[in-house]
Amino acid sequence: MLDFTKTIAADGSAPEGQPIAAQPLHDDALLDAYSQAVMAVSDNVGPAVVRVDTRARGRNGQGVQGGVGSGIVISPDGLVLTNSHVVGNAREIRLSNSEGLVTDARVLGVDPNTDLALVRADTDGKLPAATLGDSKLLRRGQLVVAIGNPLGFEFTVTAGVVSALGRSIRAVSGRMIEDVIQTDAALNPGNSGGPLVSSRGEVIGINTAVIMGAQNICFAVASNTAQFVLSEIIRHGHVRRAFIGVSAQTVPVPRRHAVAAGIDNRMGAMLTGLEQDGPASRAGLLSGDVVVGLDGKKVAGVDDLIRLLDRDRINRSIEIEVLRLGRVRLFNLTPVERKAKAG
C-alpha cells in the first residue's frame, strides 16, 4: 500500500518519487456554477421580495381573513408588483420583507386581464428594489429562480428552467393571458405575485399559476407584459386597451417565409381564435394568420401586439400586416375599447 503521509515541502512539492497529498478544498471551490448562480440571485433579489398578507372585504364591509401571497419591489419608493388575485378584493394589505420591515400598503391599480396589480408601500424609507428584464430574450432551457412564500413558508427559493414560451392561460376575468412563461421551478399557493428571475438577476416574470396535481408545471406573466401594465396603471390608474377580438400566441416565423415576404421578423403573433363579429373577424382575418406588423411597427410576438393595442388606437382605423400561406397581406380595421368587467 502506498504511503501518502510523508511531509510535503514548504513550497508544496513532495520529495522526488513521492505523490503530493490531497489538500482540503475551501467550500466555495466545491460549489458549482449552478449553485453560485442561484445563490447570487437569492442574495441580490431576495431583499426586494415581500410577503403580502391581506384581509378581504366581508359582506358587511368588515375585514375577514384573507390570504398570503408574494410581491416584488420594483422601485425604491415602494412600488410593488403582485397578482390581481392576491390583492384585488383586499380591504387591508400588509407587506413584510426579509430584513424585518412591516408596513401597510394600498392598491394603485389592478388588471385582472393579466392577473397583475400595482401596490404602494406606506413607508418613507427607500426599499431594496429589483430590475425588470426583457422577457423576449428568454430561451427554453434557461435557468430561472423563483422566490416567494409558498404555503406561508417565508422567502423560499426554488430553481428550474424555462420549460416553454408563448403559453396562454385563462385569467380569472375569463380573458386569455398571452405570452406566458412556463417553468418547472416548484411553485405553490403563496408564490403568487413573486418574481421569476433570470441568472442575471433580472425579473423576467411574475409567478401567477400552477396546475394543481401536476408535477412542476407552473406559469408566470412575462416581464414585458408587466412593464406595459405598470406604465398604464401609473399613468391612468387602470389599463385601457383597444380590442380587436382575437387570441394569439407567439410563434417563430420560418426564415423562408420571411425572406419571400421581404420582412425581417424572426417571431410573430399567430391568431388562434377570433371573436364572432369582432373587428378582426369583420375585417377578414383568419385563425392561423401570423401578425408581423401593426401601423408600420414590427410585431415580434404577443407582447408587442398587446402593447400596440393601447388606448390611442381605440376607435381609430389601423393597418395590420399578416403572413398568410407565406404571403404578406394587409387589413384595415377599427378597434373598440375593451369592456371592463363589472365589479
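## Helix 4

Start with helix 4, where S223, N224, T225, A226, F228, V229, L230, E232 and I233 are buried (buried is under 20% relative accessible area, exposed over 50%, partly exposed in between, with a 1.4 Å probe and protein chains only). Helices here are DSSP runs of H or I with at least four residues, strands are runs of E with at least two, and both are numbered from the N terminus.

How far apart are the end C-alpha atoms of helix 4? They sit 20 Å apart, which agrees with the 20 Å that its 14 residues, 223-236, should span at 1.5 Å a residue. The expected span is 1.5 Å times one less than the number of residues. Just after helix 4, G237 takes a positive phi of about 85°.

## Ground rules

This is a predicted model, so local features need pLDDT of at least 70 and side-chain atom pairs count only at pLDDT 80 or more, while totals for chains, interfaces and linings use all residues. Residues are numbered from 1 along each chain as its sequence is written, and side-chain values use heavy atoms, with hydrogens and water left out.

## The whole chain

The protein has 343 residues, and 46% of them count as buried. Its secondary structure comes to 7 helices and 21 strands.

Now for contacts, meaning heavy atoms within 4.5 Å. Take the contacts with a separation of 6 or more: residues 24 or more positions apart account for 58% of them.

## Salt bridges

A search of the whole structure turns up 19 salt bridges, each being a side-chain nitrogen of Lys or Arg within 4 Å of a carboxyl oxygen of Asp or Glu. One of them pairs E154 with R51, at 3.4 Å from N to O. That pair links distant parts of the chain, 103 residues apart: E154 is in the loop between strand 8 (143-148) and strand 9 (156-170), and R51 is in strand 1 (residues 49-57). E154 is partly exposed at 44% relative accessibility, whereas R51 is buried at 14%.

K136 and D304 form another salt bridge, their closest N and O atoms being 3.3 Å apart. Here the partners are 168 residues apart, with K136 in the loop between strand 7 (131-132) and strand 8, and D304 in helix 7 (residues 302-308). K136 is partly exposed, with a relative accessible area of 44%, but D304 is buried at 8%.

R200 counts as exposed at 53% relative accessibility, and E202 is partly exposed at 25%.

## Around N83

N83 lies in the loop between strand 3 (79-82) and helix 3 (84-87). Is N83 buried or exposed? N83 is buried, with a relative accessible area of 0%.

Leaving aside residues up to four places away in sequence, N83 touches D115, L116, A117, S192, G193, I206, N207 and T208. N83 and V119 are 36 residues apart in sequence, and their C-alpha atoms are 10.0 Å apart in space.
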